[in-house]
Every structure is written in structure tokens, then in C-alpha cells.
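Here is a short briefing on one protein model. Keep the structure open while you read, and find each part as it is named.

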Amino acid sequence: MAGGGVGEQTDEVHGRLQGTRAERRSRCRRANGRGARPPPPWRTSTPPQGQEWRSATSRDGRHIAVPGAGPVRYHCRVSTTPAADGALLRLLCEEADEEALRASGAAAPLVGDALEIRARLAAHRSREAALAALYETAGDLASLRALPDVLQAIVRRARTLVGTDVAYLLLYDPEQGDTYVHVTEGITTEAFKTGRLAVGTGLGGLVAKTAQPYHTADYPNDERFAHSDYVDSVIGAEGLVAIQGVPLKFRDQVYGVLFAANRRVRPFSPAEVELLISLAHHAALAIENATLFEEVRKAATVHERLTAVALDGGGPAELAQALAEVLRGSVSVLDADGRPVASAGEEPPQPADFVRELNASRTRRASATRGQACATPVIAADEHLGTLLFVRGGLDASDVHALERAAQAVALMLLHERGVAAAEQRLRGELLDELLGAPHRDPEGLTRRAALVGLDLHRQHIVLVARAEDAARRRRIADLAGAYAVRHGGIAGESGGDAVVVLPVEPGPADPGSVYPGPDASADGSADPGRAARRLAAALGAGVSETAAVSGAVTVGAESAAPGASGVADAHRDAARCVDALVALDRVGEGACRDDLGIHGLLIGRAERAELDRFVRRTIGPLLDHDAARGSDLAGTALAYFACDGNLARTAADLYVHVNTLYQRIDRISALLGADWRHGDRALQVHLALKTRLTSGWG
């Protein structure tokens with residue numbers, strides 16, 4: 001490319017020299033009277049008839065004849081020797097400097113032409129070098145070289161082609177929120193190579209803010225941008241004076257600034273600025289490509305690891321561990337209500353406020369980032385299944401993209417687990433229905449079916465009945481009870497509007513999260529049903545409260561079940577009666593078994609209903625008949641009287657009646673039951689009959 005250009009320019013000079021020689025000879029002949037001719041048409045116009053010619057000087061210094069007044073005189077230029085012309089051509093071909101060309105002995109116009117050609121050739125060579133540098137940079141990008149190598153080559157070419165003392169690259173650090181010197185050429189001080197700048201500081205801050213190139217001929221005294229003592233000291237130690245900065249911009253994203261600087265005052269030509277801008281564009285493209293390649297690499301790695309987890313039958317815990325390893329951070333998998341399902345990493349993240357905000361907005365499908373955390377919703381169709389919470393310094397677009405790919409795998413995994421759990425729950429529910437409804441129909445078949453779901457009916461169990469204060473939460477309590485039963489190796493279902501849980505008894509030291517009491521078990525090694533009831537009540541109440549605006553009180557009754565299918569049915573009946581007693585005794589939200597109810601537990605034991613009914617009818621029958629016939633509540637008055645220890649004033653206050661009214665009611669009760677109903681053993685029997693009627697719902 002360079003050789004062809006020089007040859008063409010040389011031919012042009014040779015032709016021009018040949019032409020000027022012929023013109024000189026012609027003009028000299030005319031001046032001496034030998035065949036003088038008027039100037040050719042291309043040099044001057046033909047004068048009108050009778051107009052004279054006069055001498056003039058052309059733009060390139062030649063003397064020519066032009067129409068005008070005065071005598072016609074032709075002047076020839078100072079002649080030069082062929083040797084001088086040849087020397088000028090040789091010097092031009094050898095790319096000699098300006099001083100050598102002027103000393104060639106050739107005429108001044110020829111030297112001027114030669115200097116102009118030399119300048120054009122120099123511009124062509126500079127342009128050729130710039131294009132070659134851009135071509136090489138494009139080749140670096142196409143060869144997928146490492147990003148640091150590409151950026152180093154760009155900075156080196158910028159310094160060489162522009163001819164500055166130094167060149168360096170400043171990049172934005174999203175993790176720290178500032179900029180740092182990434183690549184240098186010609187920098188000698190270590191402080192400069194490791195320097196960091198706040199965003200918006202110095203010439204680089206101005207370039208990054210406006211996304212426009214800026215130049216300063218005297219950096220220390222330029223007041224167009226914000227100075228800082230740290231930046232000025234670093235630049236001063238390096239001795240930089242003239243600095244040109246151009247932005248590394250790809251579309252609307254500014255990644256950093258490319259600088260070329262000198263340790264003395266010097267201007268930067270438009271061609272040099274254009275070259276720096278082109279190199280900066282290539283650097284920005286290299287960074288963008290590296291970002292995209294990193295996204296693809298992470299996404300492929302995540303897909304490969306999650307596929308392996310799925311094929312190995314892993315769950316959320318294995319998935320969280322795989323993500324934490326690939327993305328080098330901490331991961332938590334949250335369920336639809338924002339509760340952690342599985343976590344992995346050095347410091348597993350906890351659900352933050354913005355995660356709850358994300359869960360509250362079910363229509364949001366994109367990831368949300370705040371600081372060092374990213375929350376990615378797990379969505380299938382229009383259903384929110386959970387959230388992936390990831391924490392690590394220096395989050396970038398590739399991390400977010402990888403999390404969104406992982407969220408799809410989590411959604412498939414959760415849907416699969418839900419389907420399996422639903423099938424198992426149906427099977428367990430059907431089994432529980434038969435255990436509670438018809439345990440004697442096929443005990444052997446029930447035992448075999450129970451074994452299929454991991455329940456050994458040859459062992460002792462605890463049967464728990466949970467009832468919500470609000471009937472609208474029954475579905476939620478049933479789901480929570482089912483999950484609780486699965487975690488502890490039992491089964492759960494619904495019966496009569498209550499949630500029923502059957503848990504196996506495992507005597508011995510207990511795990512802190514287990515329902516089995518361990519050290520405080522009874523002598524025969526059986527578990528404490530009261531303790532199991534209290535733990536289940538606390539767990540269900542907490543689960544309901546997390547998803548409701550008001551407190552979710554859940555009352556739980558429990559009873560030990562003997563081995564065998566019929567033992568489960570009997571224990572369920574007593575556990576349900578225990579719940580009735582807790583509600584009647586105003587102990588809603590508690591968990592208890594028969595032994596925790598004292599005398600009331602004896603009354604709701606395994607005695608036949610007819611026997612208790614006879615006791616109630618025999619003791620307070622006239623009172624109950626009177627209330628039924630008159631629509632009164634003398635039974636309630638008698639119960640309040642015993643609850644207040646026979647104090648008439650307190651009883652009247654509790655019943656919100658006047659004391660005289662209470663006296664009348666007491667007299668009426670005495671007429672129905674006898675005057676001794678308030679004294680001695682008779683008072684105990686009446687009180688027990690009233691409590692039995694209340695706790696059992698009979699009478």
C-alpha cells in the first residue's frame with residue numbers, strides 16, 4: 001500500500017517537471033523572438049481584438065502572460081539543472097526531511113510541491129498504520145483472546161500510534177462503585193497503576209459523565225473538572241501535563257475511559273482523537289463481548305449442574321449448593337410465603353424486606369437487585385412458587401441471567417415435588433380415612449397399605465387433632481399439618497373439619513426439633529402426647545400467623561394409640577374430645593392430652609357415653625329439663641356459682657345481674673335439685689355433672 005502511493009506521487013512529480021521544462025523552453029524561444037506564440041487557452045483567456053498582453057505570476061510562482069494593458073512581455077523562471085531535479089526526486093523517494101529537500105538545489109516551486117507530496121505521503125502512512133491497528137484489534141476480538149490481553153494491546157497501540165508518553169485505561173468497578181486503573185503503558189509509578197477514583201472525579205469523571213472526549217493541555221491548572229488531592233498527587237508524581245480522554249462506550253453503556261497523555265504540553269489533532277475513539281470503541285466492544293461470553297458460560301454451567309442435580313434426584317438443598325458453587329456466593333431457596341426451604345454458602349442470606357415486597361407483587365416476573373443481593377422470582381405460568389435469593393459482592397448481568405435460568409429449573413423441580421407430594425397426600429388421606437372410619441373392615445390390608453407410605457401399624461403412635469379458631473383457615477392448617485407429618489415420618493389428613501396427624505413413637509433421646517420427648521418419656525418408653533400436642537399447636541399457629549393479618553390460634557388434642565388399626569381410631573376419638581374440652585374450658589390455642597386436663601380428662605376418657613349421660617341426668621336432670629322448657633340458663637348460673645367459690649357478689653358480677661336476681665335463681669335451683677346442692681359431696685357431684693355436660697357436649 002505504501003509503495004504504490006509513493007510511485008504514483010513520483011510519476012506526478014516527474015510529469016510536472018517534464019511539463020515545466022517544455023514550457024520554459026517555449027517561453028524562452030518566444031522571449032528571444034523565435035516563434036513566439038500566445039499563451040495556450042488553459043493558461044489564459046484570449047484577449048479581445050487589439051488588446052495587449054502583460055506579465056503576471058501564477059499561484060505556483062511561474063511567470064505567465066495575461067491579457068491587459070502594457071507591452072506584451074514573457075518571462076521565464078529561473079532555470080535549474082537536471083541534476084538538481086533528479087536529486088530532489090531521489091530525496092523525496094528516500095523520505096528525506098524538509099531541510100534536505102530545501103537544500104537539494106531545485107527551484108523553490110518544485111521544492112514546495114515535493115514538500116506537499118511528502119506531507120501527503122506521511123498522512124497516508126499514518127492513516128495506513130491506524131487502519132492496520134484497528135484491523136489487528138478486530139482480529140484480536142475475532143480470535144476470542146482473553147479480555148486483559150485485548151485491552152493491553154489496545155492501550156499499547158494507542159500510545160504508539162498517537163505518539164504519547166503514556167496511555168492507560170480506566171474501568172468502572174460495580175462492586176466498589178468507583179473506577180480503577182486497569183491497564184497502563186509507559187506508567188512508572190506504582191501508585192498510578194493501582195489508583196482508584198471516585199465516580200465524577202477528574203478528567204475521567206467528566207468524560208464518563210458526558211460520554212464525550214475531552215482534552216486538557218495543562219491538567220494541573222484546568223478548572224473545567226473536579227480536582228481531588230489524591231488524583232492530583234498521583235498525576236503529579238507521574239509528571240503528566242497534557243491528557244486526552246475518550247469514553248469506552250457501547251450503545252448507551254459507558255464502561256470506562258481510554259487516556260493518552262504526555263509529560264509536556266502538546267495538542268491532539270482531530271485525526272489522533274478519532275483514532276483514540278476508534279480504539280476505545282473496540283475496547284468497549286471487547287468488554288461487551290466478554291460480558292456476553294461470561295453470561296453464556298455461567299448459564300451453560302448452571303444448566304449443566306442443575307440438570308445433573310435433577311437427574312440425581314436432588315431437591316432444593318442440592319440445587320442451592322450447586323448454585324452457590326457455580327456463582328461463588330450464598331443462595332437461599334424460599335417458598336411462596338418467603339420462608340427458607342434450603343440454603344447454601346458461607347453466610348446463607350435471610351429474606352430481606354425487598355424479597356417480601358417482591359412476593360407481595362405477584363405480577364412481578366423480573367429479578368430485583370438491591371446492593372449485593374438479587375431476588376429472582378420462581379414462577380410457573382401465573383403462579384408464584386417461591387424466590388431465589390443470592391448474595392455476593394460485585395453482582396453483574398451474567399449473575400442475574402444465570403439466576404433467572406436457575407429459577408426455571410427450580411420451578412420445574414418444585415412442580416414435580418408438588419405433584420409427587422399431592423399423590424402421596426391423597427394416598428395418605430385415603431388411608432387415614434379408612435383407619436378412622438372402618439379400621440375393623442380389613443386390618444391386614446390397612447397394615448400393608450400403611451407400610452407403603454412408611455407407617456408401621458405394629459408400632460405405637462400418637463394421634464393429634466388440630467382445630468382452627470377460624471374455619472376459613474382449615475385448608476391452610478391441613479396443608480401445614482401434612483408437611484409437619486411428612487417431616488416426622490407420619491401421615492395427615494382431614495376428618496370432621498379438623499386436621500388429623502398420626503406420628504410414630506420413637507422412644508429414646510430426642511432431637512431438639514422432634515416431637516418425641518426422649519429423656520422425659522414414660523417408664524415403658526412411650527412418648528408424651530401432651531408435649532407432642534403443644535409442639536404441633538405452636539408450629540401450626542406460627543405457620544398460620546405468617547400468612548394472616550391476625551393471630552392464628554390452633555387448638556390441638558392428642559392421645560396415644562395402641563398398635564394396630566383400631567388403636568388409631570380409638571385414639572382419634574379421645575383426641576377429638578380433648579380438643580372439645582380445651583375449647584369449652586376457654587383454652588383455645590393450647591395443646592394437651594387427657595392427662596393434662598385433670599378431672600376433665602377422666603370424664604372424656606374411654607367411658608361409654610350412655611354411662612356419662614346417666615350420671616348427668618341423675619344429678620342435674622331436673623335443672624336441664626327446666627332450662628329446656630323455659631329457655632332459661634339455670635345450669636349456667638350454677639356453674640358460675642361454683643366457679644366463683646360460692647361468692648354471690650362475684651357470681652352476680654360475672655353474670656351481669658343484680659344480686660337480688662341471683663338470689664331468686666339460687667332459690668329456684670334449690671327447689672329443683674334440693675337445698676343440699678351447694679354443700680358437701682352433693683355439691684361435688686353437681687359440679688362434676690355440670691362440667692361433664694359442658695366438656696362432652698352431652699345432656
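**A six-stranded sheet**

Six strands make an open sheet in the order β5-β4-β3-β8-β7-β6, and their pairing is antiparallel. At the edges stand β5 (196-197) and β6 (214-216), each with a single partner strand, so one side of each has no neighbour in the sheet. The model is a predicted one.

- β3 and β4 are antiparallel partners, joined over seven bridges. Ala167 stands opposite Glu185, which is in β4.
- Strands of a sheet pair through backbone hydrogen bonds, in either a parallel or an antiparallel way.
- Helix α5 lies across β3, β4 and β8. It runs at about 65° to β4.
- Helix α7 (residues 202-210) lies across β6, β7 (242-250) and β8. Its angle to β8 is about 140°.

**The whole protein**

- The protein has 699 residues, and 45% of them are buried.
- Its secondary structure comes to 22 helices and 18 strands.
- Take the contacts between residues at least 6 apart in sequence: 55% of them join residues at least 24 apart.

**Strand β12 and its two partners**

- How many residues of strand β12 (residues 373-380) are buried? Eight of its eight residues are.
- In a regular strand the side chains alternate between the two faces of the sheet.
- On one side of β12, Ala373, Ala375, Pro377 and Ile379 are buried.
- Strand β11 (residues 368-370) runs antiparallel to β12, and three bridges join them. Ala368 stands opposite Ala375 of β12.
- β11 and β12 form a hairpin with two residues between them. In that turn, Gly371 has a positive phi of about 65°.
- Strand β13 (residues 383-391) pairs with β12 in the antiparallel sense, over eight bridges. Look for Val391 in β13: it is the bridge partner of Ala373.
- β12 and β13 also form a hairpin with two residues between the strands. There Ala381 takes a positive phi near 60°.

**The largest pocket**

- The largest pocket holds about 1,600 Å³ of space.
- Its lining has 43 residues. Nearest its centre lie Arg418, Ala421, Arg476, Asp479 and Ala483.
- Which element gives the most to this lining? It is α12, with 13 residues.
- Several elements each supply at least two lining residues, including β9 (330-335), β10 (340-344), β13 and α12 (397-437). Also among them are α14 (474-487), β15 (491-495) and α15 (529-546).
- By class, the lining of the largest pocket has 20 nonpolar, seven polar and 16 charged residues.

**The second largest pocket**

- The volume of the second largest pocket is about 660 Å³.
- It is lined by 22 residues, and the closest to its centre are Tyr172, Pro174, Ile287, Thr291 and Asp396.
- Elements giving two or more residues to this lining include α5 (147-162), β3 (166-173) and β4 (178-185). β8 (253-262), α9 (270-311) and α12 are also among them.
- The largest share comes from α9, with five residues.
- The lining of the second largest pocket divides into twelve nonpolar, four polar and six charged residues.

**Ala402, a residue in α12**

- Find Ala402 in helix α12.
- Is Ala402 buried or exposed? Its relative accessibility is 0%, so Ala402 counts as buried.
- Leaving out residues up to four places away in sequence, Ala402 touches Lys298, Val302 and Leu327.
- Ala402 and Leu327 are 75 residues apart along the chain. Their C-alpha atoms are separated by 8.4 Å.

**Helix α19**

- Why is helix α19 (residues 634-643) largely enclosed by the rest of the structure? Because eight of its ten residues are buried.
- The buried residues of α19 are Leu634, Ala635, Thr637, Ala638, Leu639, Ala640, Tyr641 and Phe642.
- An α-helix has 3.6 residues a turn, so residues three or four places apart point the same way.
- Asp645 follows α19, and its phi is positive, near 60°.

Notes:
Residues are numbered from 1 along each chain as its sequence is written. This is a predicted model: local features need pLDDT of at least 70, side-chain atom pairs count only at pLDDT 80 or more; totals for chains, interfaces and linings use all residues. Side-chain values use heavy atoms; hydrogens and water are left out. Buried means under 20% relative accessible area, exposed over 50%, partly exposed in between (1.4 Å probe, protein chains only). Helices (H or I, at least four residues) and strands (E, at least two) are DSSP runs, numbered from the N terminus. Two strands pair if DSSP finds at least two bridges between them. On a 1 Å grid over the protein atoms alone, a cavity is a set of points where a 1.4 Å probe fits but cannot get out, and a pocket is an open set with protein on both sides within 12 Å along at least five of seven lines; lining residues have an atom within 4 Å of a point. Grid points are joined across faces, edges and corners, and a volume is the space filled by probe spheres set on the points. Ala, Val, Leu, Ile, Met, Phe, Trp, Tyr, Cys and Pro count as nonpolar, Asp, Glu, Lys and Arg as charged, and the others, Gly among them, as polar. Contact means heavy atoms within 4.5 Å. Axes are lines fitted to C-alpha atoms, for helices over the stretch in contact, and angles run from 0 to 180 degrees between N-to-C directions.
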